[in-house]
Amino acid sequence: MTGERKRRSSLIHIREITIADYKEMLALQELCGLHVEKLIRESRPAVARQLRFNRGLSFAAFDRARMVAVARGSFDARRGYIDRVAVHPDYRRRGLGTKVVARVEKALWATGGRYIVVSAIVETGNASSRKMFEKLGFETVPVLYMRKRPPQRSR
Ligand SMILES: CC(C)(COP(=O)(O)OP(=O)(O)OC[C@H]1O[C@@H](n2cnc3c(N)ncnc32)[C@H](O)[C@@H]1OP(=O)(O)O)[C@@H](O)C(=O)NCCC(=O)NCCS
């Protein structure tokens with residue numbers, strides 16, 4: 001790592017996110033190409049609920065005050081989930097995605113212990129995310145992901 005790169009990395013810190021980070025988090029997710037359902041699943045009340053139910057499981061990296069990477073965790077008492085991982089394009093390939101995911105993973109193990117599995121859903125064409133999770137020790141399980149939305153919602 002060059003001196004300049006080292007100096008810049010040392011200004012980056014990771015902390016748990018709260019609903020006060022909502023706007024910045026959504027902007028980062030959107031910038032990173034994640035589909036953001038602002039009116040429904042990613043609406044402020046929905047995210048507040050997720051963070052409340054899953055306290056201590058979502059983290060972001062900040063360069064000074066600016067959010068540059070994020071990963072969210074949730075837990076259903078049997079399985080831990082990691083999702084909405086996003087790293088600002090200018091900050092990629094510096095290990096930040098790995099760091100925020102590792103923080104979420106650690107928090108999930110601390111919550112669920114050895115009785116759970118930790119999982120992440122990665123779209124099949126997303127080679128960078130897949131590689132990152134593989135490097136973190138995740139294995140690919142060939143399953144078909146199926147879902148159903150409430151009848152009144154078309155998407
Ligand atoms: C996927 C993403 C989160 C990776 O974040 P990142 O901070 O760049 O990842 P890291 O620096 O921790 O990379 C860890 C490893 O993953 C692999 N990797 C990451 N990006 C890669 C890329 N573009 N091409 C190939 N391998 C890649 C590498 O093996 C890398 O290790 P290396 O840099 O030592 O070779 C980031 O590219 C991103 O935000 N993408 C858009 C949103 C997205 O797809 N989110 C995931 C949804 S599941």
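**Exercise 1. Which residue of β5 does Tyr81 stand opposite?**

The model is predicted: local features require pLDDT of at least 70, side-chain atom pairs count only at pLDDT 80 or more, and totals for chains, interfaces and linings use all residues. Residue numbers start from 1 along each chain as its sequence is written.

Solution. 
Step 1. Helices (H or I, at least four residues) and strands (E, at least two) are DSSP runs, numbered from the N terminus.
Step 2. Two strands pair if DSSP finds at least two bridges between them; β4 and β5 run parallel and are joined by 4 bridges.
Step 3. Opposite Tyr81 stands Ser119 in β5.
Step 4. From β4 the chain crosses through α4 to β5, and this β-α-β crossover is right-handed (with the strands pointing away from the viewer, the path from the first strand over the helix to the second runs clockwise).

**Exercise 2. Describe how β3 and β4 are arranged.**

Solution. 
Step 1. The two strands run antiparallel, with 6 bridges joining β3 to β4.
Step 2. Arg72 has Asp83 in β4 as its bridge partner.
Step 3. Between β3 and β4, which form a hairpin, there are 3 residues, and Ala77 in the turn has a positive phi of about 80°.

**Exercise 3. Characterise the largest nonpolar core and the contacts of Ile82.**

Solution. 
Step 1. A nonpolar core is a set of buried Ala, Val, Leu, Ile, Met, Phe, Trp, Tyr and Cys residues joined through C-beta atoms within 7 Å. A residue is buried if 20 or more other C-beta atoms lie within 10 Å of its own, exposed if 12 or fewer, and partly exposed in between, with C-beta atoms placed from the backbone.
Step 2. The largest such core has 27 residues, and Ile82 is among those with the most contacts inside it.
Step 3. The elements that each supply at least two residues of this core include β2 (59–63) and β3 (66–75), while α4 gives the most, with 6 residues.
Step 4. Leaving aside residues up to four places away in sequence, Ile82 touches Ala71, Gly73, Val101, Val104, Glu105, Val118 and Ala120 (C-beta atoms, placed from the backbone, within 7 Å).

**Exercise 4. Identify the residues that come nearest to the ligand, and classify the exposure of Arg92.**

Solution. 
Step 1. Of the 21 residues around the ligand (C-beta atom, placed from the backbone, within 6 Å), Arg92, Gly97, Thr98, Ser128 and Met132 come nearest.
Step 2. α5 gives the most to this shell, with 6 residues.
Step 3. Arg92 lies in the loop between β4 and α4. Arg92 counts as partly exposed because it has 14 C-beta neighbours inside 10 Å.

Key
Two residues are in contact if their C-beta atoms, placed from the backbone, lie within 7 Å.
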